Structure formats: structure tokens, C-alpha cells
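Reader: I am new to this structure. Please take me through the terms and show how each one is applied.

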Amino acid sequence: MLTLILLVLAVTGLLVVMRREAGALPALGVLAVLGLVGLLLGSPVLGVLLLIGAGGVAVAGLPALRIRWLTPRLFATFKEVAPKVSDTERTALEAGTVAWDGELFSGRPDWQRLLDYRDEGLSAEERTFLEHQCSVAAGMCNAWEIARERADLPQELWDYLKREGFFGMIIPKAYGGLEFSAKAQSLVLQKLSISETLMVTVGVPNSLGPGELLLKYGTQAQKDHYLPRLADGREIPCFGLTGPRAGSDATAIPDTGVVCKQVVDGKEVLGLRLNFEKRWITLAPIATVVGLAFRMFDPDHLLGDEEDLGITCALLPRDTEGMEIGRRHHPIGSPFMNGPLKGRDVFVPLDTIIGGPEMAGQGWRMLVECLSVGRCITLPSGAAGTARYGLGWSGGFARIRRQFSVPVAEMEGVQEPLARMAALCYIARAAVYQTANTIDHGVKPAVPSAILKSQLTEFQRQALGDAMDIHGGKAVTLGPRNYLGIGYSANPVAITVEGANIMTRNLMIFGQGAIRCHPYVLEELAAKDADDLPAFDHAVFGHTGLILGNAARALTQGLGLGKPAVPFDTIAAPYAQDAARLSAGFGLCADAAMASLGASMKQREMLSARLGDVLSNLYLASMVLKQWHDGDRVEGEATLLHYSCRFLLHRAEQALDELFDNLPNQALGRLLRVIVMPTGRRWKRPHDDLAREIAQAVSRDTALRRTLLEATWQDSDGARDNPLAHYNALLAEYDRAEVLYRTVNKAYARGELPMQALHPEQRVEAALEAGIIGTDDADFMRRYEAEVLELLSVDDFDYDAFASDQANILRHNAA
């Protein structure tokens, strides 16, 4: 009995020490004390074993002892197996900052650190701009007109965007810009996502491009000249990075800039001879100033001893001799301005380099640092906004569309996608806003930018697909009345650009995060490069303590023991506690995968993707929890919180489950499963009851629907027809209409109305004549049904309207 008690005490004591990552000395104390107790009280075998364990901990764990024999051996092995980090990879790894993503990698997230990013909200100026200027701009758009009749925004909209400073949101007021916060930029783009073309047109100049590069790296002369002109729209920028042979691997650009001298206006000028061919450059056809990335060479050593200076960024006016610009690509579903750039033997002076000659070769660092912020805002905001519009339209349509004498919103087959759309909107809304809030606090989120870009554009794909299913024939018939189909067809653009989702998910999220966000890996690699044994000793044994700590935390919390204290209410706390448990499991699995696979981890993209999925879902769940904590909650929001958190934690556990099944070392996979999920998976898909409740709320005029549709264009001021405003108006009157529907339909079923009264309008007139409803109700239903019919209607066209070459039209029934 004594042996069992001592064994339990030893295991418990070690687990406590490991959970706290208290180090070797407390573990040594636990083993030594219990070993002596065993010897003194009649359990000599266990006592000796515990003392032997204490000795092992001492020689392997105490710094003064281990550095004499163990650390040098580990260091030598590490140098052989550690993956090589290229200069390009190092630049990417060092871009941005680590914040909450690092907490999730640690396995012991400090939730208070997340909550300390206080949300100060929008300024009065930002709020006014969002409510007024954005509404005016949205009201100038019609998807069909832009996509099929103009292939462009209307001239009056271009003029308005320039006049009101839409292209200068990131530019300081000192240069004539708006100097908006990241949160304001995000909300503006969400509202403008009523039109993919409008959102992209405004988003790109405020994201990766000359404006941001000039702000961070430009010379004072470059800033003074270009920033005021970019802010008021006199200059329209584009940035040429990708090309026919350089897409996701942007560092492989074959475009060159060779340092040379050339006589210009009778004077010899030191400059660059550029040769380049770019593709897929947004705003290129109308750009007045072109940012350009190229590989810079100095073969004649005109600048120094180095010949290959690396990727460099320059700024070229549109009229630069030898540069070809103006043709267009045809992006799927959306005619935003996009086209190629070409240049052969284009000579420019060295002062066209952004930041001047001293920034030669710094282009890749400049680009990845800008990406760490810009990629968090533009496409994720567009995806969040598009999903909101899709939900608003779909909830309204599902309520007014009646089949089998009931709204289709009452059918569970429609309720399921409606609830899923609502959850995706809720998660996306939290993720983009809360991440933008961290940017306003000075964070440059490199890994979260990859998470948001890939996850939220995939949410957009799912939400638009659900919206198409709910709308049915209304959405598959194109025309001015179709507010959904063109945006649906444009969705692949968001999936593909700014880092294709396949690459981002499989390589970037975990690949970058495993080194950049891990508490010790970057330190270990730096110690290797510097051949610094003491630094390596500190890092590797800190890392060892982290692994043991995560194993202990994952196991004990998986058994329901020692749940962490979290600063949330009773509704959100269980989700935060389980996210912490999964964070510990994720940290353990990340270390196990890297240790077992070594340098080959780079090629194990499917395993990397699953680890990235765990991190992504934990990050998104964290943003939802912070939104819940900070927000003014409305009726029904708790249900949506439950659905969203269960959805995300279910996906995180699914990714871990698949990781265990696919690790090459199956024994390791089984061991990790026992530690991380000792009682099996906890989270199932959200229950149908939650889906039914959410679907009812978002298809009616409720506080929850209004909250989810914040930062969308809902005005009905006559500028343009606004379907969302029409749906909102109909939902506001739905309760009255539903009572009358039931009254009239019951009368028809009882035979009190003529059998041939098949249309709702006919039944209303018959019910009025029969005295079943009064004049006021009949007038109400006439108007209500007329608006419903307009929203259910689709367009038709002349027979030959779609042929671009009229000569090829077949007149099948011509006389």
C-alpha cells in the first residue's frame, strides 16, 4: 500500500512540476524526498528507483552538470539535423511581430494578454465616413452594370472615391490622407464588398503597394511628392510583383535591374536597365505610377563589390519610356482593373528605388513586412463583408419565399445552411475586427495574416455556396436583379491572390509559425548559427521543459483535472478552458512532428496543413471569445457563440485526429492520441437545436440579425435599388403578413374561397370580397406581395443579347 501511495505522490508531484515548467530542481526534490521516505518506511525498491531517478534528473537537468557532458552532444546532433534556413526564409520569418499567436504556440495561453488589447472603437470622423461616404459609394453600384455593361466602375463613382479620399485611408493627414485606424479600414472594406470590384479598387491602394511602401521606406522627397497625390487620387498606384514564372514563389522573379550608366539630356546618369514581364497586376491598366519588384545586379561594380544585390523595389511613372501598360486581364466574375506590365531595356535613375539607393536589395524584406499587415485587412475584410451581405440576402429571401404554404426558412434543409452562414459571419466579424484592433496597438501579425487570409476566404466560399443553394433559381439567372451570382463567380479571385490558399494552408501557417511563434525554436537556430553553446543550452532545455509541460497540461486537462483559470463569464469560460487544453496538445504535437520528421517536415505539407488547421481554429475561437467578452451582447447571441465555438473546436480536434492517423511513426501517433485526447474527442458538430434557433433569428427582424449586418449598406435613399433594404423592410412587417397568410390560406383550404384563386394576390382579393379580411389588410397585402414578387423575379433578355459577335448567332426559328 505504501508503495502505491508513494508512486501516486511521485507521479502527481512530477505532473505538477511539469505543468508549471518549474525546472529540474523541484523535480529533483520530489523524487529525492519520496525516495528517502520509501527507504525509511519500508519500500526500499521504489525508494531506490526514485533516488536513481533523482540522480538522473540532476545530471541531465541541472545546468552546471549538463553543460559539461550532455549539452555539447545535443548541440552537435542539432547542427546535423536542424533544417537550413535560407536568407529569403529568414527574412520572412523575421517579418512582423508575435502576439496572441505566440501564446497559442506556448500551450499555456495568457488570456488576459489578449483582453488587454483594449478596443477604443472608431473616431467620430471614421464613424461618419463609414455611415455616409461608404453608403454613397455603395449606392452607386450595380453588380450587373459593372460586370456586364461597363466592365468598370461608373465615372461618377471614380470621381467620388478620389474626392472623398478613399485611396488615402492609410496616408497620414499631414500628406492629405485620412489616416484611419486599421479597424476603420476593415469596416470600410466590409461595407464596400457589396461589389467585389469596388472593394478591390479601394482595398489594393490601401494594402500592399506604393503607398504603404513609401510610408515605411520612402525618402522624404518621395513621400512629399507622391503621398499627397496618392491621397487625393491624382495618382493611381499598382504594384508589379507576380509574373508568368513567379506566382506563389515570388522570390523567384526573373525580372532584372542592372546597374549601368546612360546619357540623359546630355548628362551621364547612374541608373538601372530594367527588363520585366508581370501578370495579374491589380489597377495596372489605369495606374499612373507603377511599383516594381525585380532582382538587382551590379556586374560592373558601379555601386560596390557585390554583384547580386537581391530583390529591389522601385517606383516608375506611367510614361516611363519603354514600359508597356494598359491592356487588361479578365478576372473571373469581376471586372476590376487588372492587367500585365512589360518593359524591355527600360532605363531609370537610381533615385526611383523606393527609399533611395541605400535600400537596394531590401525589397523582399519590405514586401513581407507590408504583407504582414495588409494581408490581415483587405481580403479578410472583403470576405467578411461578402459573407454578411450573403447572410442578409439569404435570411430575407428564405423568409419571404414560400413553398408548400410556408416560408422556406421554416424548413430544416434551409435552416442548416442559414445557421452555418450566420456562424461563419460571426467568426469572420470577430477575427477581422479583433486582429485589426491588435494592429492599432502596434502588432504586425505575420502568422495571423496567413490564418485570416486563407480561413476567411474559405468561409466566404462556403457562405456564398450556401447562399446560392438557398436562393435557387433566383441566383443562377444573371441580370440586374441578381445581386448574388456575380459575386459568387468572383470568389476564386480571393482564394487565389495574395498567397494562394493551398500554399498558405499547407506551407505558411505552420511552417512560419513553428519557427516564428515558437518560444524556443528561433532561439535554438540563432544559437546554432552563432555557435553559442550557453545560448543553445538555455534554449534547448527551456524547450524540453515546454514539451514536458505541454504533455502534462494536455493529459491532466484532458482528464478534467486542473482546468486553468480564465477571465471569462460562465458562458464563454468552458470554451476558453478547452482552447487552452487544445493549445497544450497542439504545442506538444508540433514539437513531436518537428522532432520526428526533422528537415523533411518541409515536404510533409499535409501534416503541416493539419497542424496549421489546429492553430487557425484556436486563433479564430480566441477572437470570438474576445468579441463576446468586449461586446454589447444581444438576444440570441449566446446561441451563436455556442454554435461558433463548438464548430471551431470540433474542427481543431478533427485536425489533431487526422494528424495522429497520418504521422509516419504510428507509435508516436498513438502515444500523442492518449496524451492529448485521453478520453476521446470532446467536441461534436453543433446540435440541430442551435441551428434551428439561429436560422429563425437571422431570417426575422431581430437584434441578432441587425448585429450581424452591421457595416453593410442597408440604406434605401433612391440612389440605387438596395435589395437588402427591401428585405429588411419586408421582415419588419412579416409578423403582420404571416397572420394574414394563415388566415387566407385556411379560408382557401376550408373551401371559403374560389378554387381557381391560386395566386396569393387572387386569394387576397377573394378574402376581401368574402369579408374574411378588411380593406386595410387587403391594401397591406397588395403592397407586400408586390414587393415580394419583385424580389423573387429574375431577368430576361433579347434572344441575341449575349453574343459578342452578332454574325455568329443562329436564328433557329427564322422564317
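**Terms and values**

Reader: Why is alanine 590 called buried?

Author: Alanine 590 has a relative accessible area of 0%. Buried means under 20%, exposed over 50%, and partly exposed in between, with a 1.4 Å probe and protein chains only. So alanine 590 counts as buried.

Reader: What kind of model is this, and how are residues numbered?

Author: This is a predicted model, in which local features need pLDDT of at least 70, side-chain atom pairs count only at pLDDT 80 or more, and totals for chains, interfaces and linings use all residues. Residues are numbered from 1 along each chain as its sequence is written, and side-chain values use heavy atoms, with hydrogens and water left out.

Reader: Where is alanine 590 found, and what does it touch?

Author: Alanine 590 is in helix α23, residues 573–597. Helices are DSSP runs of H or I, at least four residues; strands are runs of E, at least two; both are numbered from the N terminus. Leaving out residues up to four places away in sequence, alanine 590 touches Phe105, Phe510 and Leu611. Contact here means heavy atoms within 4.5 Å.

Reader: How do you know that the count of disulfides is zero?

Author: A disulfide is a pair of cysteine sulfur atoms within 2.5 Å. By this rule there are zero. For cysteine 238, the nearest cysteine sulfur is that of cysteine 313, 13 Å away. For cysteine 589, the nearest is that of cysteine 517, 17 Å away.

Reader: Why does cysteine 589 count as buried?

Author: Its relative accessible area is 1%, so cysteine 589 is buried.

Reader: How do you know that the span of helix α17 agrees with its length?

Author: The expected span is 1.5 Å times one less than the number of residues. Helix α17, residues 446–471, has 26 residues, so it should span 38 Å; its end C-alpha atoms are 37 Å apart, which agrees. Of those 26 residues, 21 are buried.

Reader: What makes the protein as compact as a globular protein of that length?

Author: First, the protein has 32 helices and nine strands. Its radius of gyration is 31 Å, close to the 28 Å that the globule rule gives for 815 residues, so it is as compact as a globular protein of that length. The radius is taken over C-alpha atoms, and the rule is 2.2 Å times the number of residues to the power 0.38.

Reader: What share of the residues is buried?

Author: Of the 815 residues, 54% count as buried.
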